[in-house]
Structures are given as structure tokens and as C-alpha cells.
Amino acid sequence: DRYNLYPITVVQPQYNLNDRYIEHEIMGTCRKLGIGITTFSPLAQGLLTDRYLNGIPADSRVAHDPRFLHADDVTRVHGQIMALNEIAKQRGQTLAEMSLAWLLHDDAVTSVLAGASKPQQIIDNIGALKNTDFSDEELKAIDEISMQ
């Protein structure tokens, strides 16, 4: 059969602490079938960084180019990102580092596509690899916050 010539080996869904829809069916199916998951938008367009912790900066994408991220998006999740940031601080990580580490701690996630607009952001993102282990208490707290 011509459709079985190229089996699916990886899927590329959006997945991050603010958007966990793949956990409902996609992630389990991928595990069952041995399909890798390469996530995109792991930092939720910058929401899962320190960029919007203190509001919307004048030089931000939201302020100048709201095609993908709007002021309402920032407002809607502000309490959530503040609470996640507190967990990150307790772990000795930035919010971005913890957000990436959280994705990488799951063995179903084979890779994370993280964009960067500045070279320093790439270096900062690599910092996530320093600690991808999470305690059960940390995971429970993250779930309680991010699944609201």
C-alpha cells in the first residue's frame, strides 16, 4: 500500500505550560505508537519568559505587532505566569528555563523548537538543560497552576 511507505515518526504540535491540549489524546497515542513529539511555541510567544511579568513592555511584540499575541492574552494568563515564575525561582531557574525543562523532562518529547530574536536568548534557553528533573511536589504545583 503506497500510504504505508512513509510511517509517521514525529509530530509537531504546539505544546507549552499554557497550552496542554495534546495531553488529552495526542501524547498517549504517540507513546503507544512510538511517535516522537517535537514541540513548537514552547515559550508561548514569550509569555513563559520574564518579558511580560511586569506588564507589556513598550518594545514588545504585543505592543508593536499583535498578529500572534495580544494584550488580552497577557492579561488573561498574568496570574498564572507569576505563580509559575515563583516555582521557577525556587528551582533556581528563570521562567523560560523551567518552561523548557518541563517539556524536556517528559520522555515523549523528543525535541523542542524554541525561536529566538536575539543570540542571548539561545544561550538562555540552553540553561534549561541544567535541571530537567522535577519533584512530584513541583509537578503537582505546576499542574495546579497551568491547568486552570
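Reader: Is β2 largely enclosed or left open by the rest of the structure, and why?

Author: Please keep in mind that this is a predicted model. In it, β2 is largely enclosed by the rest of the structure, because four of its five residues are buried.

Reader: In what order do the strands of the sheet come?

Author: The open sheet has three strands in the order β1-β2-β3, and their pairing is parallel.

Reader: Which strands stand at the edges?

Author: Those are β1, residues 10-11, and β3. Each has a single partner strand, so one side of each is left without a neighbour in the sheet.

Reader: How many bridges join β2 to β3?

Author: Four bridges join these two parallel strands. As an example of a pair, Phe40 has Leu113 in β3 as its bridge partner.

Reader: And over how many bridges do β1 and β2 pair?

Author: They pair over two bridges, again in the parallel sense. Here Val11 has Ile37 in β2 as its bridge partner.

Reader: What holds paired strands together in general?

Author: Strands of a sheet pair through backbone hydrogen bonds, and the pairing may be parallel or antiparallel.

Reader: Which helix makes a β-α-β unit with β1 and β2?

Author: That is helix α1, which covers residues 26-33. The unit it makes with β1 and β2 is right-handed.

Reader: Let us turn to α4. Is it mostly covered or mostly open?

Author: Helix α4 is mostly covered, with nine of its ten residues buried. The buried residues are Leu95, Ala96, Glu97, Met98, Ser99, Leu100, Ala101, Trp102 and Leu103.

Reader: What about Leu104: buried or partly exposed, and why?

Author: Leu104 also lies in helix α4, which spans residues 95-104. It counts as partly exposed because its relative accessibility is 31%, and buried would mean under 20%.

Reader: Which surface patch includes Leu104?

Author: Leu104 forms a nonpolar patch on the surface with Ile122, Ile126 and Leu129. Together, these four residues have about 370 Å² of accessible area.

Reader: Changing topic to α3, is Gln80 buried or exposed?

Author: Gln80, which is found in helix α3, is buried, with a relative accessible area of 12%.

Reader: Which residues is Gln80 in contact with, leaving aside its neighbours within four places in sequence?

Author: With those neighbours left aside, Gln80 is in contact with Asn18, Ile145, Ser146 and Met147.

Reader: Is Thr75 buried or exposed?

Author: Thr75, a residue of helix α3, counts as exposed, at 59% relative accessibility.

Reader: How far is Asp72 from Ile37, C-alpha to C-alpha?

Author: Their C-alpha atoms are separated by 29 Å, while the residues are 35 residues apart along the chain.

Notes:
Residues numbered from 1 in each chain as written. Predicted model: local features only at pLDDT ≥ 70, side-chain atom pairs only at ≥ 80, totals over all residues. Heavy atoms only, no water. Patch = residues over 30% accessible without salt bridge, like charges linked within 9 Å, V, L, I, M, F, W, Y side chains within 5 Å. Areas by Shrake-Rupley, 256 points an atom, 1.4 Å probe, with all protein chains shown as cover. Salt bridge = Lys/Arg side-chain N within 4 Å of Asp/Glu carboxyl O. Buried < 20%, exposed > 50% of the residue type's maximum accessible area, 1.4 Å probe, protein only. Pairing = 2+ DSSP bridges. Right-handed = clockwise from strand over helix to strand, strands pointing away. Contact = heavy atoms within 4.5 Å.
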